[in-house]
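Subject: Structure handover

Dear colleague,

Here is the structure you are taking over. My notes on the ligand site and on some helix contacts follow below it.

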Amino acid sequence: MKVAIVGSGYVGLVTGTCFAEVGIDVMCVDIDKKKIENLKNGIIPIYEPGLEEMVHRNTKRGKLQFTTSIAEALEDCEVLFSAVGTPPGDDGSADLQYVLSVARDCGKHMKDYVLVVTKSTVPVGTARKVKAAIQEELDKRGVSIPFDVASNPEFLKEGAAISDFLKPDRIVVGLDSERAEDLMKSLYKPFTLNGHPVIFMDIVSAEMTKYAANSMLATKISFMNDIANLCEIVGADINMVRKGIGSDSRIGNKFIYPGIGYGGSCFPKDVKALIHTAEDFGYELKVLKAVEAVNQDQKSVLFNKVMKFYKGDIKGKTIAIWGLSFKPQTDDMREAPALVIIQKLLDAGAKVKAYDPVAMKEASHTLGDTIVYADDQYDALIDADCLLLVTEWSEFKFPNFKIMRKLLTQPVVFDGRNIYEAADMKRNDFTYFCIGIDTTK
Ligand SMILES: NC(=O)c1ccc[n+]([C@@H]2O[C@H](COP(=O)([O-])OP(=O)(O)OC[C@H]3O[C@@H](n4cnc5c(N)ncnc54)[C@H](O)[C@@H]3O)[C@@H](O)[C@H]2O)c1
């Protein structure tokens with residue numbers, strides 16, 4: 001079978017590469033000429049563990065190809081996946097201009113039946129708009145070509161995208177035709193041999209499932225951050241509370257870690273978009289509004305601790321930052337809490353020296369030369385007045401405390417991810433702050 005994947009970003013490139021890996025002929029499309037040129041030359045635009053070698057392997061054996069032409073990709077193609085971006089518009093709603101542009105391109109260039117599958121995260125009702133856009137172009141051409149639309153939201157996690165795609169918990173597919181169901185069944189067969197289900201449903205429910213999943217995860221994070229802040233006030237230890245509640249199987253111990261707020265390309269925009277969809281239908285999602293408000297505040301928690309420690313004056317201080325990406329194992333800086341924290345530090349007159357194992361190049365597109373980029377994690381500490389741990393990369397988990405103490409002008413650590421133990425830090429003579437535990441007592 002031959003498939004086209006339109007949009008060669010985090011989702012499109014991983015999807016295309018994983019389909020190629022199981023033997024499907026894949027043509028990846030993008031409007032970004034430079035990106036496609038680079039991909040043809042084996043240069044991967046994003047950091048995603050395992051992706052580079054898989055792209056190289058499948059390009060070499062001819063299973064994975066790249067083009068800027070959707071017309072070329074549609075040649076003999078039975079299924080086209082649309083994996084373009086759906087960024088938030090000014091009012092928080094999902095901006096569908098890229099999704100609908102792909103739909104129009106399909107209508108302009110398709111010659112035979114094609115199943116157009118939306119993989120992007122899109123609000124309910126989008127499939128209807130995609131169908132109408134394709135039909136409008138076919139009508140303009142005065143041709144009658146059969147096609148189906150389907151919704152197949154993607155649940156992969158950046159940093160673990162390959163294994164999430166190859167071994168998914170579940171695959172959700174919304175559709176309304178038997179032909180589309182047969183195609184999707186055969187396409188996903190290699191990924192479901194070990195019993196993971198493809199859950200077929202109507203299109204609207206599939207579109208809703210993706211937003212409900214991300215909103216539930218964002219809710220867990222904001223709930224724990226809210227409880228963490230209360231723990232600090234009442235003298236409880238959030239790490240103990242987390243263990244205490246996580247052992248209840250109804251709650252579970254995943255995704256209940258306190259921190260400095262969620263970021264990334266999905267949770268912030270998807271929570272906003274779902275709130276917006278509800279409003280469009282005259283309903284108020286009160287829980288999600290609170291989730292978002294808590295998250296906004298949480299991004300300032302580490303900065304507030306710094307200001308409190310320095311009695312409101314950090315002018316001229318040099319602050320070291322470990323970690324910039326919104327989470328480990330990715331270079332994605334979209335909505336990263338680090339950006340909010342750094343801006344606040346700079347506005348208050350501090351200098352920032354940061355280190356991240358992979359995201360510094362990406363971060364420099366936003367931060368430019370407003371901060372200093374360190375050569376390694378210890379270089380970031382030279383003459384710095386304190387350290388802020390922002391992203392929990394593995395290499396930060398067991399640092400050399402002796403070297404840290406020597407390099408920092410004062411041994412002060414603000415840990416935004418609770419990766420260190422307060423007792424260890426005390427033993428190592430650090431003044432230590434974290435989330436959800438009052439370490440000053
Ligand atoms: N990144 C994630 O972890 C993730 C996970 C699940 C779902 N999603 C969803 O998947 C979608 C894509 O996300 P992403 O992170 O891969 O985005 P991305 O920004 O990394 O990639 C989108 C790509 O689409 C290309 N593009 C835009 N318009 C195009 C057009 N008309 N024709 C061809 N290419 C076009 C862009 O040039 C870009 O390379 C979004 O809706 C997102 O919410 C993302």
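I begin with the ligand. One of its oxygen atoms is 2.6 Å from an N or O atom in the side chain of K35. Please keep in mind that this is a predicted model.

K35 is also among the closest residues to the ligand, together with D30, T86, E158 and K269. In total, 27 residues surround the ligand. Backbone atoms take part as well: a backbone N or O atom of V11 lies 2.8 Å from a ligand oxygen atom, and for a backbone N or O atom of T121 the distance to an oxygen atom of the ligand is 2.9 Å.

Next, the helix contacts, starting with α9.

Helix α9 covers residues 203-234 and packs against helix α11, residues 267-280. Their axes are 9 Å apart, at an angle of about 115 degrees, and the two helices are therefore roughly perpendicular to each other. The crossing of α9 past α11 is left-handed. On the α9 side the contact is made by M208, K210, Y211, A212, N214, S215, L217, A218 and I221; α11 contributes F267, D270, V271, A273 and L274. Sorted by class, this contact has 10 nonpolar, 2 polar and 2 charged residues.

Helix α9 also meets helix α12, residues 286-298. Here the axes come within 9 Å and cross at roughly 55 degrees, which makes α9 oblique to α12. This crossing, too, is left-handed. From α9 the contact uses S215, A218, T219, S222, N225, D226 and N229, and from α12 it uses V287, L288, V291, V294, N295 and Q298. The class counts for α9 with α12 are 5 nonpolar, 7 polar and 1 charged. S215 and A218 of α9 are listed in the contact with α11 and again in the contact with α12.

The remaining pair is α1 with α3.

Helix α1 (residues 10-21) and helix α3 (residues 51-60) have axes that come within 10 Å and cross at roughly 50 degrees. That angle makes α1 oblique to α3, and the crossing is left-handed. L13, V14, T17, C18, A20 and E21 make the contact from α1, while L51, M54, V55, R57 and N58 make it from α3. These residues divide into 7 nonpolar, 2 polar and 2 charged.

Best regards

Key
Residues numbered from 1 in each chain as written. Predicted model: local features only at pLDDT ≥ 70, side-chain atom pairs only at ≥ 80, totals over all residues. Heavy atoms only, no water. Axes fitted to C-alpha atoms, helices over the stretch in contact; angles between N-to-C directions. Helix = DSSP H or I, 4+ residues; strand = E, 2+ residues; numbered from the N terminus. Parallel < 35°, antiparallel > 145°, perpendicular 65-115°, else oblique. Left-handed = near helix turned anticlockwise from the far one by under 90°. Contact = heavy atoms within 4.5 Å. Nonpolar A, V, L, I, M, F, W, Y, C, P; charged D, E, K, R; others polar. Near = heavy atom within 4 Å. Polar contact = N/O pair within 3.5 Å; in protein donor to acceptor, adjacent residues only side chain to side chain.
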